[in-house]
Amino acid sequence: MAGYRRNFISDYDGLAGQWWDPRGPLAPLGWIARARAAFVPDAGAGAGANAGADADTHTDTAAGAPRARLLDVACGGGLFGPHLAGKGYRVFGVDLSATALKEALGHGFDAVARADITRLPFADESFDVVTAGQCLEHVPDPFAVVAELCRVLRPGGTLIVDTIPDTRVARLVAITFAENVPLPGRPARGTHDHRLFVNRERLARVARSHGVELRLLGLRPRSRDFIRYLAGRCEEVRMVPIKSTSVLYLGVGTKR
C-alpha cells in the first residue's frame with residue numbers, strides 16, 4: 001500500500017507523557033473509551049472458563065474458577081482500563097508501543113503483550129470479550145484485524161470495535177476540522193489518512209463471515225459537555241450514541 005503511513009508507533013512513543021492529559025491530543029480517545037466500556041457486559045458467574053486459553057490461566061481463588069478474560073487490541077496507554085473496574089474481567093492489552101504498554105500496566109491492565117494486531121499471540125477462542133478502539137483506521141488491512149479479533153473470541157463472547165467510516169463528512173470532521181482548528185484535544189496534523197477510513201458495510205460483512213453479527217451505531221460528543229470543555233469548565237466529554245454512523249461509529253455483536 002504505497003504512500004500510506006504504515007504505523008504510528010513513533011508518534012505515540014513521542015506522546016508517552018500525554019496519555020492522561022485531559023486537554024492533550026489523546027484526550028478524545030479517553031472519551032471514546034468510556035463510551036465503548038458501556039457496551040462491555042459484566043462478567044457472569046463461571047464466564048471465562050474457556051478452553052484453548054494461552055499459558056496465563058489466572059485463577060480467582062475466591063471463586064475457585066478462571067476469571068473472564070477481556071482483550072483490548074491496540075490498547076495504547078490503557079485509557080480503557082479504568083472504565084472496566086468492577087466488571088469482573090482479567091484485562092489483557094496488545095500494542096506495538098512498549099512505552100504505551102508500560103503505561104497501561106499502571107491503569108487497570110493485568111497483562112500486556114507487544115505484538116502486531118494482525119497476528120495476535122493468543123489461541124483461538126481464548127477471550128470472553130475482545131475490543132478494538134480507534135485503531136482500524138490506522139492499518140492498511142483493517143479487515144484482517146477484524147478476522148483476528150473474531151478468531152480469539154470464544155463463541156458467546158462479545159466483540160466491540162469503533163472506528164471512522166470512509167465518508168466525505170468523516171474526512172471533513174476528523175481531518176479538515178479536528179486536525180487543523182486550534183482547540184484543546186486536537187490530534188496532531190497527519191494523524192489520520194482518509195484512505196484508511198473503514199467501510200461500514202464491509203466491516204459488518206467480514207465480521208459476519210467470522211461468526212459475529214455486528215450492530216452499528218454512531219457516536220458524537222454530548223453538546224453541553226463539549227461546549228463546557230472548550231470553555232475550560234470541564235475535563236471530560238461524554239459521548240452519546242446516535243443513529244448516524246457517518247462520522248464515528250461503533251459495532252457490537254456476539255459470536256455464534
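Reply: Let us begin with terms. Helices (H or I, at least four residues) and strands (E, at least two) are DSSP runs, numbered from the N terminus. An axis is a line fitted to C-alpha atoms, for helices over the stretch in contact, and angles run from 0 to 180 degrees between N-to-C directions. This is a predicted model, in which local features need pLDDT of at least 70 and side-chain atom pairs count only at pLDDT 80 or more, while totals for chains, interfaces and linings use all residues. Residues are numbered from 1 along each chain as its sequence is written, and side-chain values use heavy atoms, with hydrogens and water left out.

Me: How many helices and strands are there in the protein chain?
Reply: The protein chain has seven helices and ten strands.

Me: At what angle do helix H4 and helix H6 pack?
Reply: Two packed helices are described by the angle between their axes and the distance between the axes. Here helix H4 (residues 142-152) and helix H6 (residues 200-209) pack at about 35 degrees, and their axes are 9 Å apart.

Me: Which residues in H4 meet residues in H6?
Reply: Contact means heavy atoms within 4.5 Å. From H4 come Phe 143, Val 146 and Cys 150, and from H6 come Arg 202, Leu 203, Val 206 and Ala 207. The residues of this contact divide into six nonpolar, no polar and one charged (Ala, Val, Leu, Ile, Met, Phe, Trp, Tyr, Cys and Pro count as nonpolar, Asp, Glu, Lys and Arg as charged, and the others, Gly among them, as polar).

Me: How many aromatic pairs does the count come to?
Reply: A pair of aromatic rings is described by the distance of the centres and the angle of the planes. Rings of Phe, Tyr and Trp (its six-membered ring) pair if their centres lie within 6.5 Å; planes under 30 degrees apart count as stacked, over 60 as edge-to-face and the rest as tilted. The count comes to five aromatic pairs. In one of them, Trp 31 and Phe 226 are edge-to-face, at 6.5 Å centre to centre and 75 degrees between the planes. Trp 31 lies in helix H2 (residues 27-37) and Phe 226 in helix H7 (residues 223-230), so this pair ties together parts 195 residues apart in sequence. Ring pairs also link Trp 31, Phe 226 and Tyr 229 into a cluster.

Me: Is Trp 31 buried or exposed?
Reply: Buried means under 20% relative accessible area, exposed over 50%, and partly exposed in between (1.4 Å probe, protein chains only). Trp 31 is buried, with a relative accessible area of 7%, whereas Phe 226 counts as partly exposed at 26%. Another pair joins Phe 92 and Phe 127, whose ring centres are 5.3 Å apart with planes at 80 degrees, so it is edge-to-face. Phe 92 is in strand S4 (residues 89-95) and Phe 127 in strand S6 (residues 127-133), 35 residues apart. Phe 92 and Phe 127 are both buried.

Me: Why is H2 largely enclosed by the rest of the structure?
Reply: Eight of the eleven residues of H2 are buried, so H2 is largely enclosed. Among them are Gly 30, Trp 31 and Arg 36.

Me: Where does the charged end of Arg 23 sit?
Reply: A charge sits over a ring if NZ of Lys or CZ of Arg is within 6 Å of the ring centre and within 35 degrees of the ring normal. The charged end of Arg 23 sits over the ring of Tyr 229, 4.4 Å from its centre. Arg 69 lies over the face of Phe 127, at 4.6 Å from the ring centre.
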